[in-house]
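Please read it alongside the sequence and the coordinates.

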Amino acid sequence: MKTVHTASDDAAILACREVILSLRPHLLHTDIVAQVKEMQSENYHIIYLNADDQPSKVVAFAGFRYMQKLHSGKHIYIDDLATLPEYQGKGYASLLLRYIRSLAKTAGFHSVQLDSGHLLHPAHKVYHKEGYFISAHHFSQPL
């Protein structure tokens, strides 16, 4: 059985670096711990899973926040979710999504939300399988 871990110290954040960079390659590997710690001071949480075949290797992670908005009430927002390519299709992302769902239900929240790029069809299949649906378009404006 897979155990979900929380990255709350520098060593755990560093252990997640490879999978974080697989999702966010624009980040500098030397800045990840400092950036995550700053985000943690703003209610950001990281959970992760180790490989079944290599128990010391982090192969999947999720970063999320507890939030409240006028349009959606109390919810968990998933900022980041990734599995290393060679471990995709083995249930790691689904397990993290289910774990976050249980956190939200336990807290009495109304939903779990996330955004996903239009072309990330394999991820969309996982989200649909786990009960998510497309409810909006996300717009942004670079400054």
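Predicted model: local features only at pLDDT ≥ 70, side-chain atom pairs only at ≥ 80, totals over all residues.

- Leaving aside neighbours within four places in sequence, H45 is in contact with A62, G63, F64 and Y66.
- The C-alpha atoms of H45 and A7 are separated by 7.5 Å, although these two residues stand 38 residues apart along the chain.
- The side chain of H45 is also joined to that of N43 by a polar contact of 3.1 Å, and N43 itself is found in the loop between α3 and β2.
- N43 counts as partly exposed, at 30% relative accessibility.
- Most residues other than glycine have a negative phi.

**H75 in strand β4**

- H75, found in strand β4, has a relative accessible area of 0% and is therefore buried.
- Its side chain makes a polar contact of 3.3 Å with the side chain of S72.
- Not counting residues up to four places away in sequence, H75 touches R65, Y66, M67, Q68 and K69, together with F109, S111 and Q113.

- A polar contact of 3.1 Å joins the side chains of K57 and E18.
- With residues up to four places away in sequence set aside, K57 touches E18, L49, N50, A51, L84, E86 and Y87.

**Helix α4**

- Helix α4 runs over residues 92–106, and at 1.5 Å a residue its 15 residues should span 21 Å, which agrees with the 21 Å that separates its end C-alpha atoms.
- The buried residues of α4 are Y92, A93, S94, L96, L97, I100 and A104. An α-helix has 3.6 residues a turn, so residues three or four places apart point the same way.
- What covers these buried residues includes the strands β2, β3, β4 and β5 (111–114), as well as the helix α5 (121–129).
- Just after α4, G108 takes a positive phi of about 75°.

**The second largest pocket**

- About 190 Å³ of space lies in the second largest pocket. Of the 13 residues that line this pocket, the closest to its centre are R24, L27, Q35, M39 and D80.
- The elements that give two or more residues to the lining are α3 (32–40), β2 (44–50) and β4 (73–83), and of the contributions to this lining the one from α3 is the most, with 4 residues.
- By residue class, the lining of the second largest pocket divides into 8 nonpolar, 2 polar and 3 charged residues.

**Points to check in the model**

- Which residue makes a polar contact with the side chain of H75 through its own side chain? That residue is S72, at 3.3 Å.
- Which element gives the most to the lining of the second largest pocket? That element is α3, with 4 residues.

Key. Residues numbered from 1 in each chain as written. Heavy atoms only, no water. 1 Å grid on protein atoms, 1.4 Å probe; cavity = no way out; pocket = protein on both sides within 12 Å on 5 of 7 lines; lining within 4 Å. Points joined across faces, edges and corners; volume = space filled by probe spheres on them. Nonpolar A, V, L, I, M, F, W, Y, C, P; charged D, E, K, R; others polar. Polar contact = N/O pair within 3.5 Å; in protein donor to acceptor, adjacent residues only side chain to side chain. Contact = heavy atoms within 4.5 Å. Expected span 1.5 Å × (residues − 1). Buried < 20%, exposed > 50% of the residue type's maximum accessible area, 1.4 Å probe, protein only.
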